[in-house]
Amino acid sequence: MALSKIFTGSFYAKNAAIFFLVFYFFFGIVPGNMLLSYHLTLIRGFTGNVDFLCLVLLGWAVYNAKCVLFILKTLSARESLYLYATLGVLEGREKWSTWFRIHFSLYLPALTYSAAAVCIAWNDKHIGAVVTIVLFQLLMLILPLFVYDRKIKNPGTTSLFIRWQQKLNRLFTKPLWAYYIYELLNNGSRSLFITKGVTGLIIIATYSLMEQPYELRFMLVGLLLVLLAHTVLVFNHRQFDDLKLSMSIQLPLPLWKRYAHTLLGYFVLLLPEFIFLVVRTYQVAGPLDQLLFISLSVSMLVMWRMLLYFPGLDQDKYFRWVLISIVVALFMILGYLYWYLVIGLQVLAFTIFSLRYYKYEPPLAEVQ
Amino acid sequence: MPAPVLCLKNVIKAYEDHVVLNIPELQLDYGTYWLLGENGAGKTTSMKVMAALIPSQGEISVENVQAKQQPVQFRRLVNYAEAEPVYPGFLTGKDLLGLYLKTKGKGYRDLDQIIHLLGIHEFIHRPVSGYSSGMLKKLSLVLAFTGMPKVILLDEPLITLDVQTVPLINKLVEEFHTQFGVTFIISSHQPVSGSSIRLQVQDKNIVAAHGVI
């Protein structure tokens with residue numbers, strides 16, 4: 001009972017937002033009378049196609065890794081020291097069944113869905129898929145138990161991941177332009193991955209909805225939606241700079257270099273979308289179109305970031321300006337003025353930056 | 001008579017309509033200054049204004065380099081260490097040191113020696129999120145000694161430091177002042193240098209306090 005509170009309860013509570021989102025995608029987006037056929041189609045899709053099945057297995061493996069990391073993190077926490085004196089003394093069958101119960105309770109959502117998939121695949125005579133899923137899930141259930149056992153037998157040791165990270169720290173120095181990316185990966189991974197998931201869906205939807213032949217303006221409108229999904233990440237960038245990177249203003253860096261750092265940072269932030277766009281559109285969109293996707297996206301995000309150097313720009317006012325800029329961009333795209341839009345955004349962004357950077361002061365409410 | 005190192009003229013710092021600092025004129029010659037003032041008097045704001053880290057009205061210059069007209073050159077001449085330094089937790093001491101060395105330059109003295117002297121080498125490869133406040137303070141002080149500044153501002157440099165480190169910091173200040181001609185402005189509740197000149201933040205202005213220590 002106590003263990004289920006420590007591990008299971010806190011795991012589901014901590015990841016409630018993600019579970020809610022997944023639940024919504026699985027059960028909320030289709031009408032109730034189509035729910036069964038929707039899931040049957042989905043399951044038949046991956047049990048009858050090797051590539052799709054590999055993708056699903058990868059998803060389950062990622063979820064399993066999340067469960068394992070959560071348990072290891074809980075065991076490494078200072079307040080969990082007592083667990084070594086309790087769980088650590090268990091032996092034999094009792095030890096393994098305890099670890100199994102804990103891990104099983106965390107991994108249960110994936111097991112439930114895979115059980116349904118096995119039944120349907122068995123019924124459809126997809127024996128290969130049945131065997132693959134069963135063996136895969138057995139591995140997912142058994143392998144982590146050895147990881148936990150090793151951890152509990154070696155209290156206080158640094159994990160392989162931490163040791164690997166420390167080695168990397170010795171080899172590489174993090175560049176200034178990448179600080180916000182690191183921040184997102186360390187402290188904003190949830191919002192980052194949700195944003196990337198949403199933008200992936202937008203790109204797929206845009207390409208699927210586009211009537212043939214390929215229409216650049218249609219793709220650019222989809223791209224505006226992709227950028228719109230990044231507005232919160234851009235807004236949080238200011239907060240990161242204000243609260244954790246206030247020392248950067250005392251570095252003797254010319255304005256153009258600071259501006260270039262922002263450009264590069266946003267280029268890397270948007271890199272997954274650019275790669276995905278190339279994969280989806282390389283047959284129809286030429287290099288100039290790809291360059292336009294990149295230039296427009298980076299310019300727009302940088303311009304939004306620069307807007308935040310104006311005093312008194314709270315979240316409401318920021319979103320208002322974002323929407324205004326989207327509308328202006330939309331009309332310019334419809335009028336075939338793509339490159340004028342890119343140049344306009346760049347000129348505007350750099351002008352705001354050069355006029356406002358040294359005059360900017362974080363909002364009092366933010367720094368207090 | 002030598003030219004003043006740091007000049008402030010008609011400097012006003014206000015938050016909305018509330019003036020927190022009003023310095024008609026301040027000229028500081030080469031020396032070590034001890035900035036005094038009650039809690040909330042505006043010592044930290046004064047230091048940040050002097051280092052041009054927060055916007056203000058008026059003119060600030062170091063050796064005739066104007067903060068507003070030549071911000072990059074000005075930042076090469078002025079270093080500042082915060083009372084309670086904050087850095088992104090994922091950065092290591094090495095990352096921060098690398099950043100400062102790359103932008104400010106190597107400096108008057110071999111920094112490796114200072115790093116070893118203060119014992120920073122033991123944790124320099126670890127992310128700062130795992131540092132104690134004392135470790136963080138040591139790191140921020142080392143960063144203030146990078147480059148070739150003419151003025152170093154240290155805001156409460158001795159708080160959270162262990163007793164073994166305090167004399168080492170005093171020695172560093174003395175050495176950088178006498179050997180490399182650096183002017184120090186230090187806000188502290190403890191005297192840092194035996195020959196420091198007292199300044200007082202009083203009635204939103206910075207004035208000379210009576211007596212030399």
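User: Which hand does the crossing of α12(A) and α15(A) have?
Analyst: The crossing of α12(A) and α15(A) is right-handed. Keep in mind that this is a predicted model.

User: At what angle do the axes of the two helices cross, and within what distance do they come?
Analyst: Helix α12 (residues 231-244) of chain A and α15(A) have axes that cross at roughly 40° and come within 9 Å. Angles from 65 to 115 degrees would count as roughly perpendicular and those under 35 as roughly parallel, so α12(A) and α15(A) are oblique to each other.

User: Which residues make the contact?
Analyst: On α12(A), A:T231, A:V234 and A:H237. On α15(A), A:L301, A:W304 and A:R305.

User: Switching to the largest nonpolar core. Which residues touch the most other members?
Analyst: A:L296, B:M50, B:V151, B:L153 and B:I185, in a core of 96 residues. Helix α15 (residues 287-307) of chain A contributes the largest share of this core, with 11 residues.

User: What does B:I185 touch?
Analyst: Leaving out residues up to four places away in sequence, B:I185 touches B:Y33, B:L35, B:M47, B:M50, B:V151 and B:L153.

User: Last topic: how is chain A divided into domains?
Analyst: Into domain 1, covering 2-158, and domain 2, covering 176-367.

User: What separation do their centres have?
Analyst: Taken over C-alpha atoms, the centres of domain 1 and domain 2 of chain A are 36 Å apart.

Terms used:
Residues are numbered from 1 along each chain as its sequence is written. Chains are lettered from A and ligands numbered from 1 in the order in which they are written. This is a predicted model: local features need pLDDT of at least 70, side-chain atom pairs count only at pLDDT 80 or more; totals for chains, interfaces and linings use all residues. Domain bounds come from an automatic or database domain assignment. A nonpolar core is a set of buried Ala, Val, Leu, Ile, Met, Phe, Trp, Tyr and Cys residues joined through C-beta atoms within 7 Å. A residue is buried if 20 or more other C-beta atoms lie within 10 Å of its own, exposed if 12 or fewer, and partly exposed in between; C-beta atoms are placed from the backbone. Helices (H or I, at least four residues) and strands (E, at least two) are DSSP runs, numbered from the N terminus. Two residues are in contact if their C-beta atoms, placed from the backbone, lie within 7 Å. Axes are lines fitted to C-alpha atoms, for helices over the stretch in contact, and angles run from 0 to 180 degrees between N-to-C directions. Angles under 35 degrees count as roughly parallel, over 145 as roughly antiparallel, 65 to 115 as roughly perpendicular and the rest as oblique. A crossing is left-handed if the near helix is turned anticlockwise from the far one by less than a right angle, and right-handed if clockwise.
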